[in-house]
Amino acid sequence: MFRMNLSHFQYAALFNYGYWFLMLNLYFAIANIPFILALSTLQFIPSNMIYYFITLIPMGPALAALIVSLNKLVVEKDISVTKDYWHFYKGKFSESMCLWVITLALLFILAMDIAVFMDKS
């Protein structure tokens, strides 16, 4: 049987990283509740596409906060998960929202073009 020879501190570090990743994913999911609800209740048809994209708007700042939090974890090796994630969410909100809305608009146009071409064929 495989057995890892780790010290108490190595186990604590492993559990800390597991906890940090779990909590960051939970906060990301909380920030994206509108999209999760839309995904679970609406049919995936072209007429509902606008609702999907509207509910995807909060994903930009949430994704930016997740990436910056993970970057801080890599650089500093320790973070205060709740405080850092929501601080970055609020602090990077306007920058990430601006870029995300542009990206989302381009994705919406692409998705609608694909839907139209799929209907014609």
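Which residue forms a salt bridge with Lys72? The close-up views below begin with that pair.

The model is predicted, so local features need pLDDT of at least 70 and side-chain atom pairs count only at pLDDT 80 or more, while totals for chains, interfaces and linings use all residues. Residues are numbered from 1 along each chain as its sequence is written, and side-chain values use heavy atoms, leaving out hydrogens and water.

View 1. Lys72 pairs with Glu76 in a salt bridge, that is, a side-chain nitrogen of Lys or Arg within 4 Å of a carboxyl oxygen of Asp or Glu. Their closest N and O atoms are 4.0 Å apart. Both residues lie in helix α4, 4 residues apart, about one turn of the helix. By this rule the count comes to 2 salt bridges. Helices here are DSSP runs (H or I, at least four residues), numbered from the N terminus.

**View 2. Helix α1 against α4.** Helix α1 spans residues 8–31 and packs on α4 at an angle of about 165°, with the axes 9 Å apart. Axes are lines fitted to C-alpha atoms over the stretch in contact, and angles run from 0 to 180 degrees between N-to-C directions. The angle makes α1 roughly antiparallel to α4 (over 145 degrees). Contact means heavy atoms within 4.5 Å. From α1, the residues Tyr17, Trp20, Phe21, Leu24, Phe28 and Ala31 take part; they meet Met59, Ala62, Leu63, Leu66, Ser69, Leu70 and Leu73 in α4.

**View 3. Helix α4 against α5.** The axes of α4 and helix α5 (residues 81–91) come within 8 Å and cross at roughly 130°. On the α4 side, the contact includes Pro61, Val68 and Lys72. Asp84, Tyr85, Phe88 and Tyr89 stand on the α5 side.

**View 4. Helix α4 against α6.** Helix α4 covers residues 59–76 and helix α6 covers residues 93–120. Their axes come within 8 Å and cross at roughly 125°. That makes α4 oblique to α6. Met59, Gly60, Pro61 and Ala64 of α4 touch Phe93, Ser96, Met97 and Trp100 of α6.

**View 5. An aromatic cluster.** Tyr27, Tyr85, Trp86, Tyr89 and Phe93 form one aromatic cluster. Rings of Phe, Tyr and Trp (its six-membered ring) pair if their centres lie within 6.5 Å. By this rule the count comes to 11 aromatic pairs.

Note on methods
Helix = DSSP H or I, 4+ residues; strand = E, 2+ residues; numbered from the N terminus. Parallel < 35°, antiparallel > 145°, perpendicular 65-115°, else oblique. Phe/Tyr/Trp six-rings, centres within 6.5 Å; stacked < 30°, edge-to-face > 60°.
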